[in-house]
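This briefing is for a reader who is meeting the structure below for the first time.

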Amino acid sequence: MLVKPWLFLLAAIAAEISGVTTMKVVSDSGSWTALLFMYAMIGLSFYFLATTMQYLPMALTYATWETIGLIAIAFIGFRFFGEQVSTLKLVGMGVLLVGVMLVNLGVPRQVEES
């Protein structure tokens, strides 16, 4: 297993989380600095996502990026912005995690190692 693409994917997820969290701040404050930071982070996230796709299959890359990002954003919304996390939302996130694991298991090993 190559470590490099997974590091790019983690960077893409971190940038996405930063951008989306900043999006919430921008929606509340209207700060131009925060808006520019948000666009920079989202752009950086897509750059790292595209770089990851040079090494890993698109379905695996996108499913992992979106699921981990969604779970992190749901936690941040709950912890810092007072948003609610219902049982149904938690079940939905669990289903997404299972889906990512199944997508990962479906990736031929020689594709991932090339």
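In this predicted model, helix 1 passes helix 3 in a crossing that is right-handed. Helix 1 covers residues 4–29, and its axis lies 9 Å from that of helix 3, with an angle of about 40 degrees between the two. Helix 3 also packs against helix 4, and that crossing is left-handed.

**Helix 1 with helix 3**

- On the side of helix 1 the contact is made by Trp-6, Leu-9, Ala-12, Ile-13, Glu-16, Ile-17, Val-20, Thr-21, Lys-24 and Val-25, while the residues they meet in helix 3 include Leu-60, Thr-61, Trp-65, Gly-69, Ile-76 and Phe-81.
- Sorted by class, the residues of this contact are 14 nonpolar, four polar and three charged.

**Helix 3 with helix 4**

- The axes of helix 3 (residues 58–81) and helix 4 (residues 87–105) come within 9 Å and cross at roughly 155 degrees.
- Since angles over 145 degrees count as roughly antiparallel, helix 3 and helix 4 are therefore roughly antiparallel to each other.
- Among the residues of helix 3 in this contact are Ala-59, Leu-60, Ala-63 and Leu-70, and they belong to a set that meets Met-93, Leu-96, Leu-97, Val-100, Val-103 and Asn-104 in helix 4.
- The contact of helix 3 with helix 4 has 11 nonpolar and three polar residues, and no charged residues.

**The largest nonpolar core**

- The largest nonpolar core has 12 residues, namely Trp-6, Leu-9, Ala-12, Ile-13, Ile-17, Phe-48, Leu-49, Leu-56, Leu-60, Trp-65, Ile-76 and Val-107.
- At least two residues of this core come from each of helix 1, helix 2 (32–52) and helix 3, and helix 1 supplies the largest share, with five residues.
- In soluble globular proteins, nonpolar side chains tend to be buried together.

- Leu-60 belongs to the largest nonpolar core, and, leaving aside neighbours within four places in sequence, Leu-60 is in contact with Trp-6, Val-103, Asn-104 and Val-107.
- Thr-61 lies in helix 3 and has a relative accessible area of 0%, which means that Thr-61 is buried.
- With neighbours within four places in sequence again left aside, Thr-61 is in contact with Leu-9, Leu-49, Thr-52, Met-53 and Leu-56.

Key. Residues are numbered from 1 along each chain as its sequence is written. This is a predicted model: local features need pLDDT of at least 70, side-chain atom pairs count only at pLDDT 80 or more; totals for chains, interfaces and linings use all residues. Side-chain values use heavy atoms; hydrogens and water are left out. Axes are lines fitted to C-alpha atoms, for helices over the stretch in contact, and angles run from 0 to 180 degrees between N-to-C directions. Helices (H or I, at least four residues) and strands (E, at least two) are DSSP runs, numbered from the N terminus. Angles under 35 degrees count as roughly parallel, over 145 as roughly antiparallel, 65 to 115 as roughly perpendicular and the rest as oblique. A crossing is left-handed if the near helix is turned anticlockwise from the far one by less than a right angle, and right-handed if clockwise. Contact means heavy atoms within 4.5 Å. Ala, Val, Leu, Ile, Met, Phe, Trp, Tyr, Cys and Pro count as nonpolar, Asp, Glu, Lys and Arg as charged, and the others, Gly among them, as polar. A nonpolar core is a set of buried Ala, Val, Leu, Ile, Met, Phe, Trp, Tyr and Cys residues joined through side-chain atoms within 4.5 Å. Buried means under 20% relative accessible area, exposed over 50%, partly exposed in between (1.4 Å probe, protein chains only).
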